[in-house]
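User: I am new to this structure and would be grateful for a close look at one part of it. Please describe the surroundings of a single helix and of the strands beside it.

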Amino acid sequence: MKFANIYFDGNRKGSVNIGDDLQLVAIENLYKEMGINYDDEVVRIGLSELSTYDGEYVVLPISFPLYGYREGTYITMFSPKIIPVFLALSIMSGNISQEECDYFRRFEPIGCRDYYTANLLRKNNIMAYVNGCMTVTFPKQKNLFGSKVYLVDVPESYYKYIPLHILEESVMCSQVLYDCANPEKEIKNRLEEYARNASLIITTRLHCAMPCLAMGLPVILMKDKYSFRFTFVSKYIHVYEKEEFSEIDWNPKSIDFEPEKRKILDLAKKRITETWDKYYDMYALSEFYEKSNIRKDAYIEHFDNVKEFIDKKFNQNECFRYAVWGITQKADMICSYIESNYKNARLSYVYDKNKKIEFHGVMSGNDDDVITADDIFVFVTAATANPIAKEKFEKIGKTNYHISDDGIDVSRSDENDRR
């Protein structure tokens, strides 16, 4: 088992927001804080492969917005080979399926980047807490004596609010780059540039403001509207909305929040370590067996032989009545298979001496006359009933039944009566 981090796969030849990659660099920094060799001990998994990944088992910290959409799968649910640790999840849609809720509950508590996400999960009875974004944990830099003001993705329409002496001396830049060969390297270079040269950062970008603030730089964060994505930010700095632009303090101080940063890092390290300790032994053992020459098409004993019998005996469009003797997993699999593939077949009776429940829409009973009726084909699905059923049917001359034991058919059904 190893640790893991996401990477952006697919075509990124066009515009790239390197702020997205910054969130992955935050996890890289976390691993280094934990003393984990990032090059040797961390597997990188493509964002589009999270649900299909089939490598070795991994523990994957999630400090990332899962806003995407992929047809036929949930972006919030991952491959069985991935053990997620939700540190700072952000989701947008309130349409959380039952399947997603069940998945999140397996990995509670769910750390959330914002109040909005935490409240969505709590409404679905999922244990959640607000962690904030892991990008606030970037290390504080020493000797910050830069003199440049950086305007990072500040729209031109905002310029009229910025004092002229600041605007004229500003370096204007963007975190959206084109044909960027290595976005993670580029965002690291950009942060180094800010730490070396900046005296002030003015930005509209969450993932410019937070790491710069964490490094110890003064930051002004301007937004046309206050987004749900920014709900944790107000614990550190004020988010100026458009109607407040005339009130901006253009000479802000750097903010020291090292104690809070340490709490976030220690909690993240604790949760990752606890997850590793909880799952390592079991998945190491499972991986030992899974790496053997396992046949992917392994025969399902007690069911596949019955499925083959059904396909050989019945035409898919014919009408027939059938019963099961014994409420078992095998009975459930047989009924489900017939319901999916033989639309005109009807489950007429469920025979069980000990259970009185509704099974596939039919209430079970123990009427011997029904189970021995000539016009009902009987699948004997309880192993303990095999000798009793065989004796009973042979005694009355019933031939339309199927019994299997250890995958061996013991059937008196006339295989030549296929319609």
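Analyst: In this predicted model, helix α1, which covers residues 18–33, lies across strands β1, β3 and β4. Relative to β1, the helix runs at about 160°.

The strands under discussion belong to an open sheet of 4 strands, arranged in the order β3-β1-β4-β5 with parallel pairing. Its edge strands are β3 (42–46) and β5 (82–86), each of which pairs on one side only. From one strand to the next, the twist averages 35°. In general, the strands of a sheet pair through backbone hydrogen bonds, and the pairing may be parallel or antiparallel.

The pairing of β1 with β3 may be taken in more detail. Strand β1 comprises residues 2–7 and pairs with β3 in the parallel sense over 5 bridges. Within this pairing, Phe3 has Val42 of β3 as its bridge partner.

Strand β4 spans residues 58–62, and Val58 lies in it. Is Val58 buried or exposed? Val58 has a relative accessible area of 0%; because buried means under 20%, this residue counts as buried. Beyond its neighbours within four places in sequence, Val58 is in contact with Met1, Lys2, Phe3, Ala4, Val43, Ile45, Tyr53, Lys81, Ile82 and Ile83. Phe3, one of these contacts, is the residue whose bridge partner in β3 is Val42.

A last remark concerns a position elsewhere in the chain. Asn317 is 259 residues from Val58 along the chain, and the C-alpha atoms of the two are separated by 47 Å.

Definitions and conventions
Residues numbered from 1 in each chain as written. Predicted model: local features only at pLDDT ≥ 70, side-chain atom pairs only at ≥ 80, totals over all residues. Heavy atoms only, no water. Helix = DSSP H or I, 4+ residues; strand = E, 2+ residues; numbered from the N terminus. Buried < 20%, exposed > 50% of the residue type's maximum accessible area, 1.4 Å probe, protein only. Contact = heavy atoms within 4.5 Å. Pairing = 2+ DSSP bridges. Axes fitted to C-alpha atoms, helices over the stretch in contact; angles between N-to-C directions.
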